[in-house]
Amino acid sequence: AVGRPAGRTHGVGLGLELDVQLIRWIWLRAQGSYSVHPVGEGRMLDKDMKTVVTAADGTIRALGFGAGPVIALDLGRFLTLLEGGIGGLRVATPGGVQTGQLGKACGQQGACDVGLRCGADNKCQQGLIPELYFGAAVDLLVRRHLSLGAQFRYHALLSAPGKFPVYLLGGLRVAVRF
């Protein structure tokens with residue numbers, strides 16, 4: 001991110017999924033997620049050795065959605081799910097303090113921070129990131145219609161699927177089947 005140290009920005013969120021069974025072991029899934037990631041102020045020393053704020057503190061919010069097929073491997077009380085799909089990610093960053101950040105002028109050749117695009121007024125504004133995703137989950141059936149499990153999902157840029165990492169999701173699952 002522009003003006004912030006490189007590295008991971010952990011957060012917490014909620015995801016919802018709706019599966020429709022097409023045939024016994026293939027389902028169609030629509031999914032959505034929302035997460036918040038607190039970030040501190042970015043700072044650096046300028047040439048006069050004075051501290052300069054390079055990024056505002058606040059939260060980065062990510063809203064993701066998508067749809068795609070799921071392969072369900074039923075192993076008795078365990079259900080293994082392998083999924084893939086296409087979707088979008090909308091990222092909201094704290095207000096900008098320098099070029100390339102939210103609400104500020106676009107950088108060279110229209111460059112803006114992650115999740116932002118250069119608008120007609122030559123300022124960085126929120127945009128939609130087209131993406132691919134794939135993941136896996138394992139659920140344990142605890143009651144006839146209730147299962148608990150764990151999940152991992154990797155989101156990649158549609159335009160550059162090999163660029164790693166873009167957005168990683170790991171979580172606990174509660175599933176209700178009817």
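The model is predicted. Seven strands build an open sheet, ordered 1-2-5-6-9-10-11. Their pairing is antiparallel.

**Sheet layout**
- Strand 1 (12-23) and strand 11 (167-176) stand at the edges.
- Each of these two has a single partner strand, so one side of each lacks a neighbour in the sheet.
- From one strand to the next, the twist averages 20°.

**Strands 2 and 5**
- Strand 2 spans residues 26-39, and strand 5 spans residues 58-75.
- The two pair in the antiparallel sense over 14 bridges.
- Gln-31 has Gly-66, in strand 5, as its bridge partner.

**Ala-62**
- Ala-62 lies in strand 5.
- Its relative accessible area is 3%, so Ala-62 is buried, the cut-off being under 20%.
- Leaving aside residues up to four places away in sequence, Ala-62 touches Ser-33, Tyr-34, Ser-35, His-37, Leu-89, Arg-90 and Tyr-167.
- Gly-127 is 65 residues away from Ala-62 along the chain, and 11 Å separates their C-alpha atoms.

**Ser-35**
- Ser-35 belongs to strand 2.
- Ser-35 counts as buried because its relative accessibility is 7%, against a cut-off of under 20%.
- The side chains of Ser-35 and His-37 are joined by a polar contact of 2.8 Å.
- Beyond four places away in sequence, Ser-35 touches Val-12, Gly-13, Ile-60, Arg-61, Ala-62 and Tyr-167.

Terms used. Residues are numbered from 1 along each chain as its sequence is written. This is a predicted model: local features need pLDDT of at least 70, side-chain atom pairs count only at pLDDT 80 or more; totals for chains, interfaces and linings use all residues. Side-chain values use heavy atoms; hydrogens and water are left out. Two strands pair if DSSP finds at least two bridges between them. Helices (H or I, at least four residues) and strands (E, at least two) are DSSP runs, numbered from the N terminus. Axes are lines fitted to C-alpha atoms, for helices over the stretch in contact, and angles run from 0 to 180 degrees between N-to-C directions. Buried means under 20% relative accessible area, exposed over 50%, partly exposed in between (1.4 Å probe, protein chains only). Contact means heavy atoms within 4.5 Å. A polar contact is a pair of N or O atoms within 3.5 Å; within protein, one must be able to donate a hydrogen and the other to accept it, and residues adjacent in sequence count only if both atoms are side-chain atoms.
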